[in-house]
Amino acid sequence: MQTLLGFDFGPRKIGIAVGQLLTRSATPLTTLRSRNQQPDWPGITALIQEWQPSAVVVGLPFNMDDTEVDWSPQVHRFARQLHGRFGLTVHLVDERLTSIEARHQLAARPGSRPPTREAVDALAAALILETWLCEQS
């Protein structure tokens, strides 16, 4: 069974999820904070060692007019760094509206409190990963 990790990259935080190609489903794992404007590479390394993914999926933010957001070069750089550091195939997928959907899903849970930003980011990573998984034939 092929395991993949999904990333919702942000300049300050990165939501991370794990998923399976067989089930085409993903589960939120955690949100890591950036350190000195750099991704938490020790935290990411630990997750990659633990889950041994065959590939990773990174959300690429787009505006509603199909243009990439102004900070998308940081996302492309992060994707290149994942490939360079770990030798993994990196897939980029449109992450448009995933944070809004994650916030909505978390708020709709019975007895839920306002969702934390960390919970939103991790669930957004799961939605990003599921988007890519569902696109595979």
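This is a predicted model: local features need pLDDT of at least 70, side-chain atom pairs count only at pLDDT 80 or more; totals for chains, interfaces and linings use all residues.
The model contains an open sheet of 5 strands. Their order is S3-S2-S1-S4-S5, and the pairing is mixed. Strand S3 (25–33) and strand S5 (89–94) form the edges, each pairing on one side only. Neighbouring strands are turned against each other by 25 degrees on average, with direction ignored. Helix H1 (residues 41–51) packs on this sheet and touches S1, S2 and S3. The direction of H1 makes about 155 degrees with that of S3. Strands of a sheet pair through backbone hydrogen bonds, and they do so either parallel or antiparallel. S1 and strand S4 (residues 55–60) run parallel and are joined by 4 bridges. Leucine 5 has valine 56 of S4 as its bridge partner.

Lysine 13 belongs to strand S2, which spans residues 13–20. Its relative accessibility is 14%, so lysine 13 counts as buried under the 20% limit. Which residues does lysine 13 contact, leaving aside its neighbours within four places in sequence? They are Asp8, Thr31, Leu32, Arg33, Ser34, Arg117, Glu118 and Asp121.

The largest pocket has a volume of about 350 Å³. Strand S1 (3–9), helix H3 (98–107) and helix H4 (117–135) each supply at least two lining residues. H3 gives the most, with 3 residues. By class, the lining of the largest pocket divides into 8 nonpolar, 3 polar and 7 charged residues.

The second largest pocket holds about 150 Å³ of space. Phe9, Pro11, Ser34, Gln37, Gln38, Pro39, Gln74, Arg77, Phe78 and Gln81 line this pocket. Among them is Ser34, which is also a contact of lysine 13. Helix H2 (residues 72–86) gives the most to this lining, with 4 residues. The lining of the second largest pocket divides into 4 nonpolar, 5 polar and 1 charged.

Definitions and conventions:
Residues are numbered from 1 along each chain as its sequence is written. Side-chain values use heavy atoms; hydrogens and water are left out. Buried means under 20% relative accessible area, exposed over 50%, partly exposed in between (1.4 Å probe, protein chains only). Contact means heavy atoms within 4.5 Å. On a 1 Å grid over the protein atoms alone, a cavity is a set of points where a 1.4 Å probe fits but cannot get out, and a pocket is an open set with protein on both sides within 12 Å along at least five of seven lines; lining residues have an atom within 4 Å of a point. Grid points are joined across faces, edges and corners, and a volume is the space filled by probe spheres set on the points. Ala, Val, Leu, Ile, Met, Phe, Trp, Tyr, Cys and Pro count as nonpolar, Asp, Glu, Lys and Arg as charged, and the others, Gly among them, as polar. Two strands pair if DSSP finds at least two bridges between them. Axes are lines fitted to C-alpha atoms, for helices over the stretch in contact, and angles run from 0 to 180 degrees between N-to-C directions.
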